[in-house]
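My notes follow in the order I looked things up.

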Amino acid sequence: MSTLDAIEGKPRILTGDTPTGQLHLGHWVGSVKRRVSLQDSHDCYFIIANMHAYTTRLAKSDEIKRDSIAIVRDYLAMGIDPEKATIFLQSEIPAIAELTFLFAMLLPFNRVMRNPTLKTEIELKGLGETYSFGFPLYAVGQTADILAFRPVGVPVGEDQVPHLEMTREVARRFNQVFCAVDEHCEDEDHVRLGGVFPVPRAEIGEVGRLMGIDGVNKMSKSLNNAIFIADDPKEVEKKVKKIFTGRQSPTEPGDTNNVLFQYVRTFITDKARVAELEEKYAKGDNIGDGHVKLEVAAAVNELLAPMRERRAKYEGRDDLVLEILKAGCERANKVAEATLERVKHHANLVSWPRRLSYM
Ligand code: ATP
Ligand code: MG
């Protein structure tokens, strides 16, 4: 048992999503599937990072609100149990904003601007030179989203690794500057040696980067290349049919490293069938892309069927979803406030105990 387990009972994890759209298959294989499996063994916190959505959707705040609720509905559909896990809204956790300010002092400006995930986002989302000051600040804010909960692990997709690396740097630096943790201390030993923050690990899902149906970029809610968890069976079939491979005929030897075969390996659960498809496709043994796509669509629909059933309960019932969020915010604030109190103490900020609660 690690030191943290001993101090805090179940090890804690934190991860979440930005309401820039609805959740898609990339979220399932990259992160949510793992979250569902950790619900019993871990103390789980899932953040809806709604403030971060204002970086790119400022003029569409109504959509941010709508998608925040839709994502919680997606979580519930995918099997996250609000009795076991805490689902909450970033904007309702004041400690996160307060920590962001302090953590911004721990990170060199150029270090933030060099973050490769930010650079890629600026390019992919066409933000040019006009992005707000809040855009790079969101990367700093994400370190606070995570560390406010002092988790040991953060289940994320591959694209998030640079953000998590920054979070790990903030944790180390805070512990060194304010808690006298030695700069040569191993990451695992920070808490044992008096640091407030564990140095959290990135836990990459089964598929770190599911490609979009465009076959060019990773599947992304804002790139119009996603199969959504909420898509109906016909929509799924339609989208799978659009996957572009460039292959001309069923007898042309195919490349099993293409996007279609990433889907074959990810969603067809019968491994013998996967091997058979790979072999025939590679040889061009009379197997058309159209046929492979039908099998992929069927497999995806099989995965989504129980999710559709669970979703039905919450469809048109935003009241139920909001109740879950409110209870989650109350629980999350308890943890985040406790972290903030320790941070203030160590950073020599004069403060008095305070309590946050809803009417
Ligand atoms: P956006 O287009 O707004 O950036 P997104 O689809 O990339 O949206 P995020 O909210 O940025 O989704 O990411 C939420 C989580 O899902 C992160 O942990 C991210 O790594 C993971 N994730 C997102 N897309 C994929 C993907 N295609 N494959 C694997 N994991 C993914
Ligand atoms: Mg993203």
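Predicted model: local features only at pLDDT ≥ 70, side-chain atom pairs only at ≥ 80, totals over all residues.

**Ligand site first**

I started with ligand 1 and listed the 22 residues around it; Thr-20, Asp-159, Lys-218, Lys-221 and Ser-222 come nearest.

Next I checked polar atoms. A nitrogen atom of ligand 1 sits 2.9 Å from a backbone N or O atom of Leu-210. I also found a polar backbone atom of Met-219 at 3.0 Å from a nitrogen atom of ligand 1. For Lys-221 the side chain is involved: one of its N or O atoms is 2.6 Å from an oxygen atom of the ligand. Then I looked up the cover: on its own ligand 1 has 600 Å² of accessible area, and the protein covers 95% of that.

**Then helix 13**

I tested the length of helix 13, residues 289-312. With 24 residues at 1.5 Å each it should span 34 Å, and I get 33 Å between the end C-alpha atoms, which agrees. I did find a kink of about 35 degrees at Leu-304, shortly before the proline Pro-306.

Which residues of helix 13 are buried? My list includes Asp-289, Lys-293, Glu-295, Leu-304 and Arg-311. I traced what the buried residues pack against: helix 2 (25-38), helix 4 (61-78), helix 10 (233-241), helix 11 (259-267) and helix 12 (271-283).

Setting aside neighbours within four places in sequence, I have Glu-295 in contact with Ile-268, Arg-273 and Leu-277.

Conventions
Residues numbered from 1 in each chain as written. Chains lettered and ligands numbered in written order. Heavy atoms only, no water. Helix = DSSP H or I, 4+ residues; strand = E, 2+ residues; numbered from the N terminus. Expected span 1.5 Å × (residues − 1). Bend = angle between axes of the 7 residues up to and from the residue. Buried < 20%, exposed > 50% of the residue type's maximum accessible area, 1.4 Å probe, protein only. Contact = heavy atoms within 4.5 Å. Near = heavy atom within 4 Å. Polar contact = N/O pair within 3.5 Å; in protein donor to acceptor, adjacent residues only side chain to side chain. Areas by Shrake-Rupley, 256 points an atom, 1.4 Å probe, with all protein chains shown as cover.
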